[in-house]
Amino acid sequence: MATPPHHADLPLEPGTHRLSAKYIGSEDQEESKHLLEEANGVAVMDERFLLEGSSTTVNTIPDAEKEVVDMIVYLRDRNGIFYSLEDGHLAQAEELLDMTMKEQGLSEVAREVFAIWLVSELLEIRLKKNHQPHQVVQKWDELCVLYTDAKLSDIEKSEPVLMMQRDVFYPKYKEKTITNEEILCLLYHEAKFNVIEGRYPLHPEDYHTLAGIQALIHLGKYNPREHVQAEYRANLVKFYPDHMFQKEKFLFFTRKDESAKCEEQFMTAHARLSEQYEQQDVQTVLGNLYRQYLDICWSYPFYGSAFFKGQVETPTRKFMKMIKSAPDTKVLVAINTEGVSIIDKEKEILLLHAPFDQLLWEFREAEFDGDDDIMPSLFLQFLVEGEQEVTKLLQVYSREAKLMNALINTCVMKKKLSRKDDSVDFVDAGLFPGRNDTSHASKVCNKLDKLCLTTYTKKGECID
């Protein structure tokens, strides 16, 4: 039986998203492991619309005498900026960020908002300012071996991409004060990507509102002569995550097509938003539309997270366990400056959100028992209020568990520093001293019955 975890103390920083590059050669795995822990690695996602047929982000140079390196830094609006740099193999992430900011005409605020990432379909890494992307890319195959379950053939095909996107450590309360339209535009495109990819599980009405805002930005105001239902049907994949419109298949029959209902709601939302801005030119209110889109995303606790792949035990009834255990549930572990969220990857629903001031955690290496598939674990212990206050313990299995632990430690450390004038240290003052944040209460409904949990009293006594 799992024992209650304690606060680990490993102040490293991970991050998130995608890239495209060729790596050269390989060295000692321990060096690769150390590199990624310093580079603050994070999880993976498939980029369905971004970078289709894109060229490599980093063109590494096998000839040591060659000094010019070609690089492309991508943005979430699907644009890429090409650089041809002398001694590019020595270029640091901070230099690339500065050049991209200047090229895009972004204000100094962007330096705090964004970071440079290396991202592939297998692994995502936020780079520190002094990291050299060329060095990280050279070890990409080894990093994927260490921190993913991918086959070697898939690792060989994996090409990371340089991406300038939101820094996972940038606080949401600061983001809400941004007024610069160019920065809001980039944040909008990144949020849109996360929504469409299913990383942000939202309420259905919010999906429709966001699709309406997106349509107003990209399709213009609703015109019944031009915007017919067939057009909305054809564009569902660009405005919604798959689960909102794809048919749900069962063993002997297929559920009624959800796309018809979705396209109707899509068209209604577009028309409603167009009516709100009837007297205004859309091009003059883009900043307002970006903010309106982000405002909905901000209301969810997982906004701005780094994402990791993992799996948790699926609960089954006792008599079913005697016959056959259910396969583990694949999840996304979303970590940001406020807490940890567990998302069912296949059903795209939020299973759990635990703020840091209601959370204890511990990383554990896999214990060898002859099973080659056993993975490291991250234990999450969180408070549950009811007739009596108890804590629940969840075990998440993941190759990236160490990276999750590193990111949580760094977020908590930064949070402690930001609260250094407070009279209570929320990390060291026992279990959950201050629980006053209700900003996400209306958006979060934890589905604890979907998780296998061990229950403890606040004194640490195991109940079940």
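Rings of Phe, Tyr and Trp (the six-membered ring for Trp) count as a pair when their centres lie within 6.5 Å. With that in hand, here are the close-ups of this predicted model.

**Figure 1. The whole chain, for orientation.** The protein chain has 14 helices and 14 strands. Of its 464 residues, 52% count as buried. Take the contacts between residues at least 6 apart in sequence: 70% of them join residues at least 24 apart. The accessible surface comes to about 22,400 Å², and 48% of that belongs to carbon and sulfur atoms.

**Figure 2. Tyr188 and Tyr293, an edge-to-face pair.** Searching the whole structure turns up nine aromatic pairs. Tyr188 sits in helix α8 (residues 181-196) and Tyr293 in helix α12 (residues 286-298), so the pair ties together parts that are 105 residues apart in sequence. Buried or exposed, these two tyrosines? Both Tyr188 and Tyr293 are buried.

**Figure 3. An aromatic cluster of Tyr and Phe.** Five residues make up this one cluster: Tyr200, Tyr300, Phe302, Tyr303 and Phe307.

**Figure 4. Arg76 over Phe193.** Here a charged side chain lies over a ring face. Arg76 is 4.1 Å from the ring centre of Phe193.

Conventions. Residues are numbered from 1 along each chain as its sequence is written. This is a predicted model: local features need pLDDT of at least 70, side-chain atom pairs count only at pLDDT 80 or more; totals for chains, interfaces and linings use all residues. Side-chain values use heavy atoms; hydrogens and water are left out. Rings of Phe, Tyr and Trp (its six-membered ring) pair if their centres lie within 6.5 Å; planes under 30 degrees apart count as stacked, over 60 as edge-to-face and the rest as tilted. Helices (H or I, at least four residues) and strands (E, at least two) are DSSP runs, numbered from the N terminus. Buried means under 20% relative accessible area, exposed over 50%, partly exposed in between (1.4 Å probe, protein chains only). A charge sits over a ring if NZ of Lys or CZ of Arg is within 6 Å of the ring centre and within 35 degrees of the ring normal. Contact means heavy atoms within 4.5 Å. Accessible areas come from the Shrake-Rupley method with a 1.4 Å probe; for residues, only the protein chains shown count as cover.
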